Amino acid sequence: MYFIDEAKIYLKAGDGGNGIASFRREKYIELGGPNGGNGGDGGSIILKVAPNINTLVDFRYKQHFKAPKGQNGQGSDKTGKSGEDLIIYVPQGTQVLSEDRKYILYDFDHPEQQEIILKGGGGGLGNSNFKSSRNRAPRKFTAGKIGNEMWIWLNLKLLSNIGLLGMPNAGKSTFLSRVTSAKPKIADYPFTTLKPQLGVVYYEHNEFTIADIPGLIEDASLGHGLGIKFLKHLERCEILLHIIDITSDDIINNYEIIRKELKNYGKLIDKMELILLSKIDMLDDKQILKKKKELEEHTHKNVMLYSGINNTGIVDMKRNLFNTLQSFKSENN
């Protein structure tokens, strides 16, 4: 399945049905009064969160959405049937932007949230509405109102508890596959991950989510590499997990490259950060401890260790992530 996180679509609410001019015509009643019915309302456009989708790929194949019109009124004071509302399903985390992308119109960040984006046009009035003591046989009626229309942008930002950061081939995808049931593509070359991945971690009858984005390179904030396009998916994460390949020649430089890009991006630098050294199976204990100490002294943060080959540190990692999330939520509440 393609991962699509942006889409431009056209919306048109249904037009209201017309009212009509009609008069009562029955046997033995010579001068029946007006009985023209009103037109039905046009259908509205509604956006609603669907729990089972996490991409905007459906909008790749369909960009125009039009709600049904209301039916015209009928004689005998019968009101036309209203057009059915058109419900469009979007993933949780979708933002609705104006056509020029300057304004956020709606933010679908809650499960089952739904909003009326465009209200259908009102139905017209039949001639029975214009009857008065001075005009008992009005022929006046009104047309239904035209439904509003607009172009909008849909912008998806994944909702997850923890977001993974790191250089290409740092081991993020392997980590995601070990702690969740996600099945990302894994290979020993840069930019294996070409789209965001989302996984669920189960820990002692609790669960939380992790998002992985393509690896960042130096000057990613200027458009280099693949990761900059997907950094927005980390904006809603509560905690960032920075994964660094312990076999790198300069782990301090790798760390600072990512931090520089976060600072330049502007919206992630202040998020809580955890640090993980991956691929520890490639070094001996002395080398591991040396690099761990070097990074801790530089960052003034505790550094965790992990291996995706022999699953070293997986249990401790899940516990640390869960406990950190609980503390984070308690502090923010």
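Biologist: Which residue in S4 stands opposite Leu 47?

Modeller: Helices (DSSP runs of H or I, at least four residues) and strands (runs of E, at least two) are numbered from the N terminus, and two strands pair if DSSP finds at least two bridges between them. Here Leu 47 faces Ile 88 of S4. The strands concerned, S2 (residues 45-50) and S4, run parallel and are joined by 6 bridges. This is a predicted model, in which local features need pLDDT of at least 70 and side-chain atom pairs count only at pLDDT 80 or more, whereas totals for chains, interfaces and linings use all residues. Residues are numbered from 1 along each chain as its sequence is written, and side-chain values use heavy atoms, with hydrogens and water left out.

Biologist: In what order do the strands of that open sheet lie?

Modeller: The order is S4-S2-S7, an open sheet of 3 strands with mixed pairing. S4 (86-91) and S7 (114-118) are the edge strands, each with a single partner, so one side of each has no neighbour in the sheet. From one strand to the next the twist averages 30°; the axes behind such angles are lines fitted to C-alpha atoms (for helices, over the stretch in contact), and angles run from 0 to 180 degrees between N-to-C directions.

Biologist: Which way do the side chains of S5 point?

Modeller: In a regular strand, side chains alternate between the two faces of the sheet. In S5, Thr 94 and Val 96 point one way and Gln 95 and Leu 97 the other, and all are buried, where buried means under 20% relative accessible area, exposed over 50% and partly exposed in between (1.4 Å probe, protein chains only).

Biologist: At what angle do H1 and H4 pack?

Modeller: Angles under 35 degrees count as roughly parallel, over 145 as roughly antiparallel, 65 to 115 as roughly perpendicular and the rest as oblique. H1 (residues 172-179) and H4 (residues 314-332) pack at about 85°, their axes 11 Å apart; the two are therefore roughly perpendicular. Phe 175, Arg 178 and Val 179 of H1 meet Ile 314, Met 317, Lys 318 and Leu 321 of H4, contact meaning heavy atoms within 4.5 Å. These residues comprise 5 nonpolar, no polar and 2 charged (nonpolar: Ala, Val, Leu, Ile, Met, Phe, Trp, Tyr, Cys and Pro; charged: Asp, Glu, Lys and Arg; polar: the others, Gly among them).

Biologist: How many of the residues of H1 are buried?

Modeller: The number is 7 of 8, so H1 is largely enclosed by the rest of the structure. Its buried residues pack against several elements, among them H4, S12 (239-245) and S13.

Biologist: Where is Leu 276 placed, and what are its contacts?

Modeller: Leu 276 belongs to S13 (residues 272-278) and is buried, at 0% relative accessible area. Beyond its neighbours within four places in sequence, its contacts include Phe 175, Ile 243, Tyr 306 and Met 317. The C-alpha atoms of Leu 276 and Ile 243 are 4.8 Å apart, although 33 residues separate the two along the chain.

Biologist: How many aromatic pairs does a search of the whole structure find?

Modeller: There are 5. Rings of Phe, Tyr and Trp (its six-membered ring) pair if their centres lie within 6.5 Å; planes under 30 degrees apart count as stacked, over 60 as edge-to-face and the rest as tilted. Phe 175 and Tyr 306 form an edge-to-face pair, 5.3 Å centre to centre with 90° between the planes. This pair links distant parts of the chain, 131 residues apart: Phe 175 in H1, and Tyr 306 in the loop between S14 (303-305) and H4. Both Phe 175 and Tyr 306 are buried. Tyr 203 and Phe 322 form a tilted pair, at 5.4 Å and 45°.
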